[in-house]
Amino acid sequence: MKTSRIISVVLFFSVLGLLIYFPGRKWARGHVNYQTAVTDHPLNCLSCHLYTQKTGFLSKVINRKYMSPFNLAVSRSGERLYVVAQEDNALLVVDPYKNQVLNKIKVGNYPHSVILSNDEKKAYVSNQWSDEVSVIDLESSRVIDTLKTGNGPAGMSLSADNKSLFVVNSFASSVSMIDLATREEVKRLDTGNNPTGTQLSPDGKTLYVTSRRALIAPYGDTLKSEITAVDEGTSRISERRNIESAYMMENVAFTPSGDLAILTMIRPKNLVPSIQVENGWMMTYGIVVIEQKENGRVIQLLLDEPNKYYSDPFDIVITPDGKKAFVSHSGVNTISALSIDSIRSLIARSTPEQLKSFSNNLGISSRYVLKRIATGADPKGLALSSDGKLLYVAEQLEDRIGVISTDSLTTLGTIGLGGPKKITVARQGRRLFNNSGHTFQTQFDCYTCHPDMHEDGLVYNMASKDMGRNLTNTQSLRDIGDTPPYKWNGKNQTVYKQDGMRFSTVLTRTEAFNYKDLDAITAYIITGIPYPPNLLYNPKGELTESQLRGKAIFERSKDSYGKEIPENNRCITCHQPPYYTNLKMAYVKTLAWSDDSMLFDTPHLNNIFASPPYLHDGRAATLEEIWTKYGKDDKHGVVNDLSKIQLNDLVDYLKSLRAPQYEFNDLKKVQARKKTNK
Amino acid sequence: MNKIRATIAILMAISSVSIFFTSCKGKISDRMIIVTRSTASTDISNTNTSSWRYIPQSQIVLIDPDRSESSEKILTTAFYSARAPQVSYDGTHMIFAGQLKQTDPWSIWEMDLNDMKYKGIIALKENCIDPQYLPGERIVCSKFTQNDSLKSEHSLFTCNIDGSNFKRITFNPYTYVASQVLKDGRILTLGSQVYPKKGKRMLMVLRPDGTKTDIFYCSDQSNVLTSPATETTDGRIVFIEAGNNPGEKGNVISITYNRPLHSRVNLTAGIGGDFYSVVAGRSGKLLVTYRKSKTDRIALYEFDPETKSLGKALYDDHGYDILEAVEAGPHEKPKKLPSEVDMGVKTGLIMCQDINVTENHYSGKESSRIEIAGIDSTLGIVDAAADGSFYLKVIADKPFQIKTIDKNGKIISTPCGWIWLRPNERRGCVGCHQNPEMVPGNKVPLAVKKSPVNIPMHINKVVEKKVSLE
C-alpha cells in the first residue's frame, strides 16, 4: 500500500513536472515574448513577478527603505552636517570628522531643503509633500514648531535680518514670506512655473527664485522660463526675467561680491525634430549668468563638451573667495569645478553676438571648466564649509555624503549615512533611471524629461515618420505600472517594451539596456514612483461643492437637456477610477494634421492638475481648453451643453483627482459601509 | 589501503600533469603582444605610396616581451604577407588581412588563438584590408572599389564574423582605411576625398550602419595623418602625424575624445627619431613603433603619455621593421549601436536649420537657395524657407554636395564635403560650414512644416514601404 502510494505521488509529480516543463515552458516563452517584445529575454519568473510587487509581504521582503540624501547644510564650525534624508522623512545630524550620524530627527513628508538660522540654533526643513516647514531646535535635536506654507515647499532663504523666512512653493508656483515671530505667512507672491531654488543676494536686497518648468506657450513659440526677483525691502516682485530656450533652473548662487548670479539650467531641443543625438540635437546643459547691475546682461554658457554631455545640473555653490563655482550633475555622477574669473573675463571681452553664440557652443566650456570630479550615484545638493575648503555632496542614490577638496579638486572621502547596504533591484532601476550612461554620449536620461519621475511640461517633435510630425506631450511616469498600454498611441503593451530596443533605437541611440538592467528599470518604474498628495485641490479627500457638482457631470449619463449621452461619450466610461482610464484606445477627434492616423491610449487622470499642457500634443494649455478650444464637436465627451459655471465645476473636480491609492481606500470604505448596512 | 592511496596519488599526478599541459597548450598570456614585422626594403614610412597599407612579405608574430626572442612565434607562416592584426574583444581570436600568394588579392582571415588555426572570411577579386571587430559579431574592413560609379577607392564594408551579409556602408568619392572602433560604438577611420581632386586625410567617424558620418579630427596644413588612431583607457585618441613633406618625422599625437578638434597635443615633440605607429595599451601606456634614425630598423617600444617619455624597447629585431602592434588578451567591448537603416526604404531625410549660419553665428549673407550636386550632375536647386531652413528627401546611398546660392544664382557658400544618406537615415545640420561644435537652436524649422523636397528633383514620387520606427 505504502509503495503504491509513493509510486502514485512520484507519478503525479512527474506528470505535473512534465506538463509544467513542456506545455508550460512554451506558454511561458510566449508570455515573456509578449511582455518584453523580444524573443530572447531569459525565462526568469522572478524578474517580473517578484521584483515588480508593489505591495504585500514579498514587496516588504525584497525592498529596502533608503535615506536618499537630497540637500544639506554645514555649520560654520564645520563640525556638523545637516542632511535632508528625503525618503526617510528625516533630518540627519552628522559629524563629518567622526563619519557618524549623531541624530535622526523625523520631519514632515518628503523633505526638500534645509537652512540654518544665523545663530545656528535652529534649522528649517521644508517638507515638500506636507506643505509645512519643520523648525528644529539644534541643541535638543527636536522639532519645536511647524510653519504652514503654500503647496510644495522647496528652497528657502532667511531675510537679511533673520526675522522672515522665504519659502518657495514649488507646486503652487509662488513664494511665501513667513514672519518668524508671529509664525504667520504675511505675503505670497507668484513666481515662475514650478520654482525650487532661491537665494538672497549678499547685500540682502534681492531674493532670486528660480523656476524649473517653462511658461506654458503654444508649441513653436520660444521656450521661456522665469527667474523672479523679489525686493526684500518692500517684499514685492522687482523683476521677472524670462530666460529664453532654457528650463529646469534648479538652483541659484551669488558671487560673494554680488556682481553675478549664476543658475543651473537645461537647454532642451524639443522644437527641433528628434532625428539624432549627435552634436547636441536633444539636450544641452549649462549655467545662466546674470550680471547684477543696471542693464546687466544675461548670458547662457554650456558646461558640455562636443562628445560628452553633463546632464541634469542640479545645485551650484560658490566659494567664499569668489574664485570657484561647483555644479552637481546628477545624470553623470560628476561635479564640474568652474573658474569664476575665467567666466568674468570671457564675458568682459566678448561681443553681444559672441555671447549669444556661446549658448549653443559645446567647445566654450573649455574656457572656464577647471575639472570634472567623479561622485557616487546621483549627486544633488551641495554645501561648502565656511572657509570654502571642503565641498560636501549629497549623493542621493548612494546614501552618503561625498567630501571634496576645493583646492586640489579631488575627493577626500565619503560619509556613510547608515542606509541599507543592499542595493535592491528597484533601487538599481532608479539609479539607471537617473543616469545618462545609457544614452549616446550621456546626453540625457529618463529623469531629464521626467524630472521627479513626472514629466517636464514640454512637447517634443518625436519625428517618428517625417520630421515636423507627431508632436508628443511628455507623460508622467508616476504609478503607471497598472495602466498599460504605454505611449500616446498605445503601441507598447508593457514597460518592458517601452524601455527596450525601441527606446534605444528611437531615443537613446546607443546600446540597449541589457536584460538585467531592463528588469531593474522596469521594477523601479512599476513599483517605485508614488504621486505626491494633492494638497492643493483635495487635501483631505472631501470634495468642495463645486467639485461635487463637477463629479456629477463627470459621471453623468444624460446631458443638461435630459438626453441620453451615448455610453462611449461619457467621461466616466473611458476615465474610470482608480486610475481614471479604462486602459483602452479611443478616438476623440483630437488628431492634428501633423499626426499619423491613430487611436489614442486613454490617459490616466490622477493628479492631472500637475500635468499641463494637455492632450497628446500639448495644444491645450489648461484643462478647460480641452473643451472650450478643442472639444467643440462633443467627440471628447459631451460638454457643449454645459454652462461656463458647470465647466468650471468639471475642471474643479478633475483637479481634485488624487493618487489611485486614495481611490482604493475610498472603495474599501464604500464596501465596508455596504457590509455594515447589510 | 596503501595500494588505494598509491593509486589515488598516481591518478592525481596524472590529472595534474594533464591539466597543466592542457592549460598550457596554445595559451596566450595577456602580456603577450602581436606584432607585424617586415623585411621590406621600400620606405614604409612614406604614406603617400600606394603600398602604404600593403606591405609585401610582412608577418604577424606573437611575442612575449618579458621573455627572450626565442619565444616569438610566427602566426602567419602560411602567408606570403599578412598585416593589420586585431584581437577579438574576448581575446580568443585574431582577425587580419593576408595574401597566401604574392599574386593573391589581400583578403580577410580569422585565426583561433588557442590552436592557431585560421579560416578565410572575405576573399574577393579586389583587395580587402584593415579589418576590425565590431560589437555584435560583425567586422568592418576596407575594400577596394575599382571602376566605381561613386568614384571611391577604398570603401568601408561590414559583414558577419563568418563573412556573410557583406554590406557597403560608405557611399562617397572618398577612400577609407585603417578603421578602429571607439568605445561609443562608432567606427573611427582615415578618410580622404579622391574626387574631383584629392583631399587631405582626416579622421572620420560614422556609425556601423554607415549613418551620421562626420569629421572627427583634421590635421593642420603642415601635417598629415599617417597611422590608425586608437582610443586610450583615459579617453584620449592617439595616432601618428607627420610633416607634409616626404621623410618628415612622425610624431605621436593625442587628442581627447570629448573635444577632438581642439585638444591636439604632440606627445613626442621633444624626442628625435621617427614614430611609425601607436596603439593604446591596457595599462595606460602606449605601444609605439619607432626608429632613432633613418638607418635604423623600426622597433617596438613602450611609451608613457603622462611623462612623454620613451620606455624600453619591447621588441627589436635588426632584420625587421616592426610595423604595428596589438596587445593579446581580452579588452573592453565597445557599445553596440542600434541601427535606423531600413533597406525597405529608398531614401533618407536631411534638414538644415539655417543656411545663412556659418562659423558661429548668422552670417548676414543672403543665401536663399541651395544647389544639390551629384557626382556627375546637378540633382536640383531648392528654395530655402523664409528662416533659411531646408528639408530634403534624398535617394539613399548616393553622394551629394550642397552649396548655397543667392536669388541671382551667385554662389555664397562653396560646396560642403560629400554627404550620403543611408536608407531611412535622418540627419540634421545647423548651418553651412558652421562651427562643428555648434548645436542647433531650439526652434521649429519652417521647412519641416511642409513635405520634404525630393532629390533628385526630377523624381515626382518615391514609393516607400511604410516606415514604423515607433
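# Close-ups of a predicted two-chain model

**View 1. An arginine sits over a tyrosine ring in chain A.** A:Arg619 lies over the face of A:Tyr630, 5.4 Å from the ring centre. Keep in mind for this and every other view that the model is predicted. Chain B has its own case of a charge over a ring: B:Lys151 lies over the face of B:Tyr195, at 5.1 Å from the ring centre.

View 2. Chain B has one helix and 35 strands. Of its 470 residues, 56% count as buried. Take the contacts in chain B between residues at least 6 apart in sequence: 52% of those join residues at least 24 apart.

**View 3. Tyr217 and Phe239 of chain B form an aromatic pair.** Searching the whole structure turns up 24 aromatic pairs over all chains. Here the ring centres of B:Tyr217 and B:Phe239 are 5.0 Å apart and the planes meet at 45°, so the pair is tilted. The two residues come from distant parts of the chain: B:Tyr217 belongs to strand S15 (residues 214–218) of chain B and B:Phe239 to strand S18 (residues 236–243) of chain B, 22 residues apart. Are these two residues buried or exposed? B:Tyr217 is buried, with a relative accessible area of 2%, and B:Phe239 is buried too, at 0%.

**View 4. Phe275 and Tyr290 of chain B make another tilted pair.** The centres of B:Phe275 and B:Tyr290 lie 4.5 Å apart, with 35° between the planes. This pair also links distant parts of the chain, 15 residues apart: B:Phe275 is in strand S21 (residues 274–280) of chain B, and B:Tyr290 is in strand S22 (residues 286–291) of chain B. Both B:Phe275 and B:Tyr290 are buried.

**View 5. The sheet that holds S21 and S22 of chain B.** Four strands of chain B build an open sheet in the order S21-S22-S23-S24, with antiparallel pairing. Which strands are at the edges? They are S21 and strand S24 (309–315) of chain B, each pairing on one side only. From one strand to the next, the twist averages 35°. S22(B) runs antiparallel to strand S23 (residues 299–304) of chain B, and five bridges join them. B:Leu286 stands opposite B:Phe303 in S23(B).

**View 6. A four-residue aromatic cluster in chain B.** B:Phe79, B:Phe96, B:Trp109 and B:Tyr118 come together as one aromatic cluster.

**View 7. Helix H6 of chain A is mostly covered.** H6(A) spans residues 425–433, and seven of its nine residues are buried.

**View 8. The surroundings of Ala394 in chain A.** A:Ala394 is in strand S26 (residues 390–395) of chain A. A:Ala394 is buried, with a relative accessible area of 0%. Setting aside neighbours within four places in sequence, its contacts include A:Pro69, A:Phe70, A:Asn71 and A:Leu72. A:Asp378, A:Pro379, A:Lys380 and A:Gly381 also touch A:Ala394, as do A:Arg400 and A:Ile401. The C-alpha atoms of A:Ala394 and A:Ser328 are separated by 9.5 Å, with the two residues 66 apart along the chain.

Technical notes
Residues are numbered from 1 along each chain as its sequence is written. Chains are lettered from A and ligands numbered from 1 in the order in which they are written. This is a predicted model: local features need pLDDT of at least 70, side-chain atom pairs count only at pLDDT 80 or more; totals for chains, interfaces and linings use all residues. Side-chain values use heavy atoms; hydrogens and water are left out. Rings of Phe, Tyr and Trp (its six-membered ring) pair if their centres lie within 6.5 Å; planes under 30 degrees apart count as stacked, over 60 as edge-to-face and the rest as tilted. Buried means under 20% relative accessible area, exposed over 50%, partly exposed in between (1.4 Å probe, protein chains only). A charge sits over a ring if NZ of Lys or CZ of Arg is within 6 Å of the ring centre and within 35 degrees of the ring normal. Contact means heavy atoms within 4.5 Å. Two strands pair if DSSP finds at least two bridges between them. Axes are lines fitted to C-alpha atoms, for helices over the stretch in contact, and angles run from 0 to 180 degrees between N-to-C directions.
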